[in-house]
Amino acid sequence: MKPKKAPIVLFVALFLFWALYTGRLDFAGLAVGGLLSTLITWATWRIFSPPAHELPRNIAPPLHFNFVWSLMFFPLFFWEIFKATTQVALLTLRPRLYLMPGIVRVKTNLKHKTSLVVLANQITLTPGTVTVDIDLAHHELYVHSLNLRTLDECAVCKDVNRLEDRLRRLLE
């Protein structure tokens, strides 16, 4: 995004959020929202989009959100959540629970720390799995799985790598 467009985009986003959050579409409500959006934009827009000469040199390039891939990514992710929810529900409905929970270390190839954190949140949102730790230095996740009896360690790694591949297409 060009530096001249950054404050305009921030202002519009803040103003739309104000209008949606308050629900006031009369002149007074929109005037207060416009005034507050202007003040916040004036005070903070450089924080959210510093000029190129002020960026540190040792950081990764910015994330790129691929809107076209998001049309495929989100339905696939919700399908994965639905499948996992069904599996966990079937596990809990059994008269005897023979679970074998465990923690699996998963190596990822994501470049950005933000992408790694988003992947960890995706794993945690999926029923039956929780990300218990992230090793940012080695790009590894430690994932707790509810039942390693039905999903061996390789299957957990494959599932996480499939999520990682989709996330890489979406953000990197």
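This is a predicted model: local features need pLDDT of at least 70, side-chain atom pairs count only at pLDDT 80 or more; totals for chains, interfaces and linings use all residues.
## Reading the sheet, the ring pairs and the charge pairs

Me: What separates D159 and R162 along helix α5?

Reply: The general idea comes before the case. Side chains of opposite charge can pair when their charged atoms come close. D159 and R162 are three residues apart in helix α5, and so about one helical turn lies between them. D159 is partly exposed, at 29% relative accessibility, and R162 is partly exposed too, with a relative accessible area of 32%.

Me: Which residue forms a salt bridge with R168, and is E164 buried or exposed?

Reply: The partner of R168 is E164, with the closest N and O atoms 2.7 Å apart. These two residues stand four apart in helix α5, about one helical turn. R168 is partly exposed, with a relative accessible area of 25%, whereas E164 counts as buried at 2% relative accessibility.

Me: With which residue does D165 form a salt bridge?

Reply: D165 pairs with R169, the closest N and O atoms being 3.1 Å apart. Here too the residues are four apart in helix α5, separated by about one helical turn. D165 counts as partly exposed at 29% relative accessibility, and R169 counts as partly exposed at 43%. The structure holds eight salt bridges.

Me: How many aromatic pairs does a search of the whole structure find?

Reply: A pair of aromatic rings is described by the distance of the centres and the angle of the planes. The search finds six aromatic pairs. One of them, F17 with Y21, is stacked, at 5.7 Å centre to centre and 10 degrees between the planes. F17 and Y21 are four residues apart in helix α1 (residues 6-22), that is, about one helical turn. F17 is exposed, with a relative accessible area of 55%, and Y21 is exposed, with a relative accessible area of 66%.

Me: How far apart are the ring centres of F73 and F77?

Reply: The ring centres of F73 and F77 are 6.3 Å apart and the planes stand at 10 degrees, so this pair is stacked. Both residues belong to helix α3 (residues 67-93), where they are four residues apart, about one helical turn. F73 and F77 are buried. Together with F74 and F78, they form one aromatic cluster.

Me: What is the order of the strands in the open sheet?

Reply: Strands of a sheet pair through backbone hydrogen bonds, either parallel or antiparallel. In this structure, three strands form an open sheet in the order β1-β3-β2, with antiparallel pairing. β1 (102-107) and β2 (129-135) are at the edges; each has a single partner strand, so one side of each is left without a neighbour in the sheet. On average, neighbouring strands are turned by 25 degrees against each other, direction ignored.

Me: How many bridges join β2 to β3, and which helices contact the sheet?

Reply: Six bridges join β2 to β3 (residues 140-145), and the two strands run antiparallel. As one example, V130 has H144 in β3 as its bridge partner. Helix α4 (residues 113-125) lies across β2 and β3 and runs at about 160 degrees to β2. Helix α5 (residues 153-171) packs on the sheet, touching β1 and β3, and its direction makes about 45 degrees with that of β1.

Note on methods. Residues are numbered from 1 along each chain as its sequence is written. Side-chain values use heavy atoms; hydrogens and water are left out. Two strands pair if DSSP finds at least two bridges between them. Axes are lines fitted to C-alpha atoms, for helices over the stretch in contact, and angles run from 0 to 180 degrees between N-to-C directions. Contact means heavy atoms within 4.5 Å. Rings of Phe, Tyr and Trp (its six-membered ring) pair if their centres lie within 6.5 Å; planes under 30 degrees apart count as stacked, over 60 as edge-to-face and the rest as tilted. Buried means under 20% relative accessible area, exposed over 50%, partly exposed in between (1.4 Å probe, protein chains only). A salt bridge is a side-chain nitrogen of Lys or Arg within 4 Å of a carboxyl oxygen of Asp or Glu.
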